[in-house]
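Subject: Structure for you to look at

Hello,

Here is the structure I promised to pass on. Please open it and keep it in view while you read my notes below.

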Amino acid sequence: MSAAEMRTVGAINQALRDSMQQDESVVLLGEDIAAAGGSFKATRGLLEAFGPQRVIDTPISEASIASAAVGMALTGLKPVVEIMFMDFVTLAMDALVNQAAKARYMFGGQGSVPLVLRTPHGGGLSAGPQHSQCLEAWLAHVPGLKVVCPSNPQDAYALLRAAIADPDPVVFVEHKAMYAAKGPVDTAQPARIGEARIARPGRDVSLVCYGAAVPVCLQAAQQLAGEGIEAEVLDLRSLQPWDKAAVLQSLARTHRMVVVHEAVQAFGVGAEIVATVADEGFDELDAPVLRVAAPFMPPPFASSLEQGYAVTAQRVIDAVRRALA
């Protein structure tokens, strides 16, 4: 099938639609996902296509939604939960962390929880400190959970299809400021959870990133190319499991690395990557590994303050120059 141009939100909708058409055990549940089509319209039209038994509006209780989904998954369904904002995952942590993530381990491999939890994170929309957090490092820290974060419509489609097909719980992280981003989507092209991709090859420095940080790094790499600096952009796509081999291979090519993400820097995904590189790739390093991330504070509401909080191409460029100095 030839690739069709889609927005990210359309790619997510198409992945849900295709999964539901191919597997009657796939059901959707969440707040305002049925008649309203979801807060960001990712489920628009699915109620009409599949009916209220498979596209289920829930009460405003994230704990109840996640708990119901765990029960559905344990009894043979494949629930796809929408949590309106990632900040509200905090209300679903018991079901997600203590139940879904632990079932296979506690039941000696006999229990499977094929649950997908979709949730948007990130800033850029002046949504304030309770609707803009990037909490993916919390979830990647939990044994039994897989965490993915696409950066483009193609990966949004393919990784969501892979997440729904996975026999274990997957947290599918979307960036709300990227829902309108356009790109080609080939529905026949698969993606594997745990496999990074080279978004731009380079020889001088590796920019390791994911989600909304990928277009920021690509913009930085384009500007650096004008100075004769070729930055390789490695899109992790999957945070748990993450593609350690791809990161170390990129380092072996460039010998310098900058890790970039929108979440706060302290105890973030970047810290795990830096620690692993120091442990297993130290001999390849010609300079310390640097991180570009948000400061240790809640995301601000005012757009002027949010611009100062954000990870920008200029901040990435400044870090690359320090790495090359």
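A helix here is a DSSP run of H or I with at least four residues, and helices are numbered from the N terminus. The model is a predicted one.

In that numbering, Asp-18 belongs to helix 1, residues 8-22. Asp-18 is buried but forms no salt bridge. A salt bridge needs a side-chain nitrogen of Lys or Arg within 4 Å of a carboxyl oxygen of Asp or Glu. The nearest side chain of opposite charge is that of Arg-161, 4.0 Å away. Leaving aside residues up to four places away in sequence, Asp-18 touches Tyr-157, Arg-161 and Thr-187.

Strand 2 (residues 26-30) is largely enclosed by the rest of the structure, because 5 of its 5 residues are buried. Side chains in a regular strand alternate between the two faces of the sheet. In strand 2, Val-26, Leu-28 and Gly-30 lie on one side, Val-27 and Leu-29 on the other, and all are buried.

Strand 2 pairs in the parallel sense with strand 4 (residues 78-82) over 5 bridges; there, Leu-29 stands opposite Val-81. Strand 2 also runs parallel to strand 3 (residues 55-57), joined by 3 bridges, and Leu-28 stands opposite Val-55.

Regards

How values were computed. Residues numbered from 1 in each chain as written. Predicted model: local features only at pLDDT ≥ 70, side-chain atom pairs only at ≥ 80, totals over all residues. Heavy atoms only, no water. Buried < 20%, exposed > 50% of the residue type's maximum accessible area, 1.4 Å probe, protein only. Helix = DSSP H or I, 4+ residues; strand = E, 2+ residues; numbered from the N terminus. Pairing = 2+ DSSP bridges. Lys, Arg positive; Asp, Glu negative; His and termini not counted. Contact = heavy atoms within 4.5 Å.
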